[in-house]
Amino acid sequence: MKRMLVIHFYVVMLALIFGQALHATETNEPGTNTATDTQEVAKQLQNPVASLISVPFQNNFEYGLGPDNKGSRYTLRFQPVIPTSINDDWNLIFRPIIPIISQHNAIGHTSQTGLSDIQLELFFSPKAPSSCGIIWGIGPVLLLPTATDNLLGYQKWAIGPSAVALTQRGPWTMGMLANHLISYAGNSDRKNISATYMQPFIAHSGKKGFSFSFSSETNYDWKVASWSVPFIGGISQIIPVHGQLISAGVSGIYYAKSPFGGPSWGIRAVITLLFPEKRRA
């Protein structure tokens, strides 16, 4: 646990320095001031392809794992969202997901701690919504076999398509993010990957930066015909801390369907560093 806290601290510090530097570089224009409309920032945070640099630290505590349902797992997901302007009409959104896991009695009566497999997503997204108000993005997703313990990763390289589509009407955001991974290289002794991920979501963002949301992060493993269907409901609030906008949120997780040995329920706590675009005065 001490090791995890130290890793967490250094990741936060590096992310804050990196985010501030990147934000200053991309928005260092004369005659601009920082956006202060917290409702708009809260809505951008619900949009996976918004022109908003965000650095979430997603802390997941899951319970009921293992064959006797007594195991537990803590996962820190460091998943910055970095938009880059390609031209006047298009953005490129870079979304790495870097998970660090500490689990106990999830696989027999053993414990593992370390880095899991890193996932990289790229979205090419129009800057303006379509004529019917749809915001969308499409691109590749790549899974890298970076796990430091064989039991924390697939030991496979995988690639596939990824897409997101959503609409924002008033304070409401509704949409779906999905991808499919297929393995193409890696340890031949490990099973191949053919997995579909679907994340439907709906959120309401208030005028003072308060939001509530409901989503699922459904996975289907085509190789073993196995579902994982968690329902996630939570709240979040945007707060300024010494000039830095931060979103703090908490969610409950209930697994309506879980593979054998998978979790039954969980809790999620998220701290997100926000770097909105500056606006012209």
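Colleague: Where is the place of His 180?

Modeller: His 180 lies in strand S10, residues 172–186. Strands are DSSP runs of E, at least two residues long, numbered from the N terminus. This is a predicted model, where local features need pLDDT of at least 70, side-chain atom pairs count only at pLDDT 80 or more, and totals for chains, interfaces and linings use all residues. Residues are numbered from 1 along each chain as its sequence is written, and side-chain values use heavy atoms, with hydrogens and water left out.

Colleague: Why is His 180 called buried?

Modeller: Its relative accessible area is 18%. Buried means under 20% relative accessible area, with exposed over 50% and partly exposed in between (1.4 Å probe, protein chains only). So His 180 counts as buried.

Colleague: What makes the pair His 180 and Thr 196 a polar contact?

Modeller: Their side chains are joined at 2.7 Å. A polar contact is a pair of N or O atoms within 3.5 Å; within protein, one must be able to donate a hydrogen and the other to accept it, and residues adjacent in sequence count only if both atoms are side-chain atoms. The 2.7 Å value is within that limit, so the term applies.

Colleague: Which residues is His 180 in contact with?

Modeller: Contact means heavy atoms within 4.5 Å. Leaving aside neighbours within four places in sequence, the partners of His 180 include Val 141, Ile 159, Pro 161 and Trp 222.

Colleague: Why does Thr 75 count as buried?

Modeller: Thr 75 is in strand S3. Its relative accessibility is 3%. Beyond four places in sequence, Thr 75 touches Gln 58, Asn 59 and Pro 99, among others. Thr 75 and Phe 61 are 14 residues apart in sequence, and 6.7 Å apart C-alpha to C-alpha.

Colleague: How do you know that S2 and S3 pair?

Modeller: Two strands pair if DSSP finds at least two bridges between them. S2 and S3 (residues 71–78) are joined by 8 bridges, so they pair. They run antiparallel. Phe 61 stands opposite Tyr 74 in S3. The two strands form a hairpin with 5 residues between them, and Gly 66 in the turn has a positive phi of about 85°.

Colleague: How many bridges join S2 to S16?

Modeller: There are 11, and these strands also run antiparallel. Tyr 63 stands opposite Trp 265 in S16.

Colleague: What makes S2 mostly covered?

Modeller: Of its 13 residues, 11 are buried.

How values were computed
Helix = DSSP H or I, 4+ residues; strand = E, 2+ residues; numbered from the N terminus.
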